[in-house]
Every structure is written in structure tokens, then in C-alpha cells.
Amino acid sequence: MGKLTKEEETLLSSYSATSSTKGTIFFYFNALLISLAPLYLFYGVHQMEVYDSLAVFVLSAGGTAYLLQYACKNQKRLLKHQIVMKRGPAVEREINERYGNDKKLTIKDRENRALIRKNEVADSESTYLSIFYTNTLFLTIMLISAFFLLANLAPVFNLLISTIGSAGLVAFLSTAKN
């Protein structure tokens, strides 16, 4: 086994479990925004003052943001392969329509372009779908637990358990194999 070619390295990196720096920042930013939304609810509904509960708010937002970005990364990895399989034929048709009459491109070059395009489509779609799925699941579990299951707890404990607990459950569910 020799060194990998540039195309082989690109192919391997496209199917790795790691996210790009841009994707990770995007996941963290989104997770931080979603983790701050419940804090406003607890401020308004449970009358928790910001100054008195600042440490609890920071702990809740930080823990929730970390768990949600972790869940988004896992969910993206799970969805990416499924999207490649579903969108593959359409992307191949697109590439064949675009470069079908180009005599300068070999079949291998067309296949490489189709593979790169499939990866781009699957990456962007899986990113947005994972964020949507993770946020929807988190907010649903958090609202049910905070305002129905844990309604009789003290507001501080209700906040911590409902937000971090819901984010932890979403992160746990995102570790499934399929």
C-alpha cells in the first residue's frame, strides 16, 4: 500500500465522521441560540430574575449547547449516507446533462465530478435536516418536561433538569446506529 492520491483522500474525508470547522461553528452557533430560548421562558413564566439566576442560566445554556451540537453532529453523520443513496441518481443525471456533450471529459472525470457533487448535496442537506430534527426534538421534550412533568419542582431545578436533561436525551438518541 502506497500513499493515497488526492482524489482518494478527498473521498475518504467526505465520509469521515468529523465535521469541518465551518460546520462545527455552525452547529455550536445554532445550539447556543436554541439553548437560550428556554431561558426566556423561565424568565417570563417562572419569574426567574437574570441577575439572581445568572450562574444557573450560564450552566444551563452551556451544557445544553454542548449536548445539542454533539447531537447535530451525530445526526448529520447518520443522515448523510441515506441522503447520498436517495439523491445519487438525480445528481448523476444532473452531471450527465451538464457535461454529457463535453468530449474533453473522460468517464472517470464525470464520475469524479458526480461523486463530489453528491457529497456536497448530501453534506448540506444532512446539515440542515439534522439541525431541524435535533431542534424540534429538543424543544418538544423540553417543553413537555418543563411545563407538565416537572411543573411542581423549584424553578432552578426545573430549568436544569428540563433543559440539560432534554438535550442529553436528544444526544443519546442521536447515537443510534440507524
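Is Val58 buried or exposed? Val58 is exposed, with a relative accessible area of 54%. The views below come from a predicted model.

View 1. Tyr40, Tyr43, Val50, Leu54 and Val58 make a nonpolar surface patch of about 520 Å². Two elements give two or more residues to the nonpolar patch: α2 (21-45) and α3 (54-99). Val58 lies in helix α3. Its relative accessible area of 54% makes Val58 exposed, because the cut-off for exposed is over 50%.

View 2. Lys76, Lys80 and Asp123 are linked in a network of salt bridges. The structure holds three salt bridges. Asp123 meets Lys76 through their side chains, at 2.7 Å from N to O. Asp123 lies in helix α4 and Lys76 in helix α3, so this pair ties together parts 47 residues apart in sequence. Asp123 also meets Lys80 in a salt bridge, at 3.8 Å from N to O. That pair again links distant parts of the chain, with Asp123 in helix α4 and Lys80 in helix α3, 43 residues apart.

View 3. Lys76 is buried, at 8% relative accessible area. Lys80 is buried too, at 12%. Both values fall in the buried class because that class is under 20%. Asp123 counts as partly exposed, at 28% relative accessibility. Side chains of opposite charge can pair when their charged atoms come close.

View 4. Glu120 forms a salt bridge with Arg117. The closest N and O atoms are 3.6 Å apart. Glu120 and Arg117 are three residues apart in helix α4, so about one helical turn separates them. Glu120 is partly exposed, with a relative accessible area of 44%. Arg117 is also partly exposed, at 28%.

View 5. A search of the whole structure finds one cavity of 30 Å³ or more. The largest cavity has a volume of about 30 Å³. Its lining is made by Gln75, Tyr133, Thr134, Leu137, Val170, Leu173 and Ser174. The elements giving two or more residues to this lining are α4 (107-149) and α5 (155-173). Helix α4 gives the most, with three residues. By class, the lining divides into four nonpolar residues, three polar and no charged.

Methods: Residues numbered from 1 in each chain as written. Predicted model: local features only at pLDDT ≥ 70, side-chain atom pairs only at ≥ 80, totals over all residues. Heavy atoms only, no water. 1 Å grid on protein atoms, 1.4 Å probe; cavity = no way out; pocket = protein on both sides within 12 Å on 5 of 7 lines; lining within 4 Å. Points joined across faces, edges and corners; volume = space filled by probe spheres on them. Helix = DSSP H or I, 4+ residues; strand = E, 2+ residues; numbered from the N terminus. Nonpolar A, V, L, I, M, F, W, Y, C, P; charged D, E, K, R; others polar. Patch = residues over 30% accessible without salt bridge, like charges linked within 9 Å, V, L, I, M, F, W, Y side chains within 5 Å. Areas by Shrake-Rupley, 256 points an atom, 1.4 Å probe, with all protein chains shown as cover. Salt bridge = Lys/Arg side-chain N within 4 Å of Asp/Glu carboxyl O. Buried < 20%, exposed > 50% of the residue type's maximum accessible area, 1.4 Å probe, protein only.
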